[in-house]
Amino acid sequence: MSTCQNCGVEIQAGQEVALRGKRRNDPPVTICADCASDIEQAMQAETENPNLVGAVLAGIAASVVASLIWYAIVAITNYQLGFVAVGVGWLIGLAVVYGSGRKRGSSLQAISVVITIVAMALAQYLIVRHFVVEVFAEEGVTDIPLWIPLDLMLELIFETIKADLLTLLFWGIAIWMAFSVPARRRL
């Protein structure tokens, strides 16, 4: 027999539920079936009635910040750093969770991924524009608009990704984080 580490009740052999510890190296936690059911119900409640408008607004706000951070780091260092891509996806995913009322689920994952793709595209455009401005400035051309037509912007983004496939890996990292953060939690 063992004791539930949540409520302290004695658990019959074979009736215990073993959960992973909070950290990877923590020993398993043993709880009773009633506590496991309560935790499962709480996790299910996290997926019900999310504030989708709040999730989108918070995600967009986070995406602006994340895009500018990604752009600034690449523009300053001339390097794309994987941990920054992790941070972009994590920040947007977390903002979507908080904006939704601390909810989780597939609809929030989709929102988070779409916003992250747009954020990465915006950052990529700003990065490319930054380096184009530097090259043209050396030639004496200084009248380069901040924004160009959307079709040209998208073409520029796709061409730079094709020229450096490592960029696509960083996008994938950011998207994976954005997908993972608002995922439904399970026992």
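This is a predicted model: local features need pLDDT of at least 70, side-chain atom pairs count only at pLDDT 80 or more; totals for chains, interfaces and linings use all residues.
## Basis of the description

Helices, as named here, are DSSP runs of H or I with at least four residues, numbered from the N terminus. Gly82 lies in one of them, helix H3.

## Helix H2 and its packing against H3

Helix H2 comprises residues 52-77, and helix H3 comprises residues 82-99. The two pack at an angle of about 165 degrees, with their axes 7 Å apart. Because angles over 145 degrees count as roughly antiparallel, H2 is described as roughly antiparallel to H3. The crossing of H2 past H3 is right-handed. On the H2 side, the contact is made by Gly54, Ala55, Ala58, Gly59, Ala62, Ser63, Val65, Ala66, Trp70 and Ile73. On the H3 side, the contributing residues are Val84, Ala85, Val88, Leu91, Ile92, Ala95, Val96 and Gly99. Classified by residue type, this contact contains 14 nonpolar and 4 polar residues, with no charged residues.

The length of H2 agrees with expectation: at 1.5 Å a residue, its 26 residues should span 38 Å, and its end C-alpha atoms are 36 Å apart. The buried residues of H2 are Gly54, Ala55, Gly59, Ala62, Ser63, Ala66, Ser67, Trp70, Val74 and Ala75. The elements covering these buried residues include H3, helix H4 (106-138) and helix H6 (165-180).

After H4 comes Gly140, which has a positive phi near 90 degrees.

H4 packs against H6 at an angle of about 150 degrees, and the axes of the two helices are 8 Å apart. This angle makes H4 roughly antiparallel to H6. H4 passes H6 in a right-handed crossing. The residues of H4 that take part are Gln109, Ser112, Val113, Thr116, Ile117, Met120, Ala121 and Gln124. They meet Thr167, Phe170, Trp171, Ala174, Ile175, Ala178 and Phe179 of H6. By class, the contact of H4 with H6 has 10 nonpolar residues and 5 polar residues, and no charged residues.

## Helix H5 and its packing against H6

Helix H5 (residues 150-163) also packs with H6, at an angle of about 105 degrees and with the axes 5 Å apart. Because angles from 65 to 115 degrees count as roughly perpendicular, H5 is placed in that class relative to H6. Ile157, Ile161, Lys162 and Ala163 make the contact from H5, while Leu165, Thr167, Leu168 and Trp171 make it from H6. The contact consists of 6 nonpolar, 1 polar and 1 charged residues.

## Asparagine residues with positive phi

Asn49 is located in the loop between helix H1 (33-45) and H2. Its phi is near 55 degrees, a positive value in a residue other than glycine. Asn49 has a relative accessibility of 72% and therefore counts as exposed.

Asn78 occupies the loop between H2 and H3. Although Asn78 is not a glycine, its phi is positive, at about 65 degrees. With a relative accessible area of 51%, Asn78 is exposed, since the threshold for that class is over 50%.

Cys4 is found in the loop between strand E1 (2-3) and strand E2 (10-11). Its relative accessibility is 3%, so Cys4 counts as buried. Leaving out residues up to four places away in sequence, Cys4 touches Val9, Ile11, Thr30, Ile31, Cys32 and Cys35. Cys4 and Ala18, which are 14 residues apart in sequence, have a C-alpha to C-alpha separation of 9.8 Å.

Gly82, in helix H3, has a relative accessibility of 24% and therefore counts as partly exposed. Apart from its neighbours within four places in sequence, Gly82 is in contact with Phe170 and Ile173. Gly82 and Phe170 are 88 residues apart in sequence, and their C-alpha atoms are 6.1 Å apart in space. Phe170 is also one of the H6 residues that meet H4.

Conventions:
Residues are numbered from 1 along each chain as its sequence is written. Side-chain values use heavy atoms; hydrogens and water are left out. Axes are lines fitted to C-alpha atoms, for helices over the stretch in contact, and angles run from 0 to 180 degrees between N-to-C directions. Angles under 35 degrees count as roughly parallel, over 145 as roughly antiparallel, 65 to 115 as roughly perpendicular and the rest as oblique. A crossing is left-handed if the near helix is turned anticlockwise from the far one by less than a right angle, and right-handed if clockwise. Contact means heavy atoms within 4.5 Å. Ala, Val, Leu, Ile, Met, Phe, Trp, Tyr, Cys and Pro count as nonpolar, Asp, Glu, Lys and Arg as charged, and the others, Gly among them, as polar. The expected span of a helix is 1.5 Å times one less than its number of residues. Buried means under 20% relative accessible area, exposed over 50%, partly exposed in between (1.4 Å probe, protein chains only).
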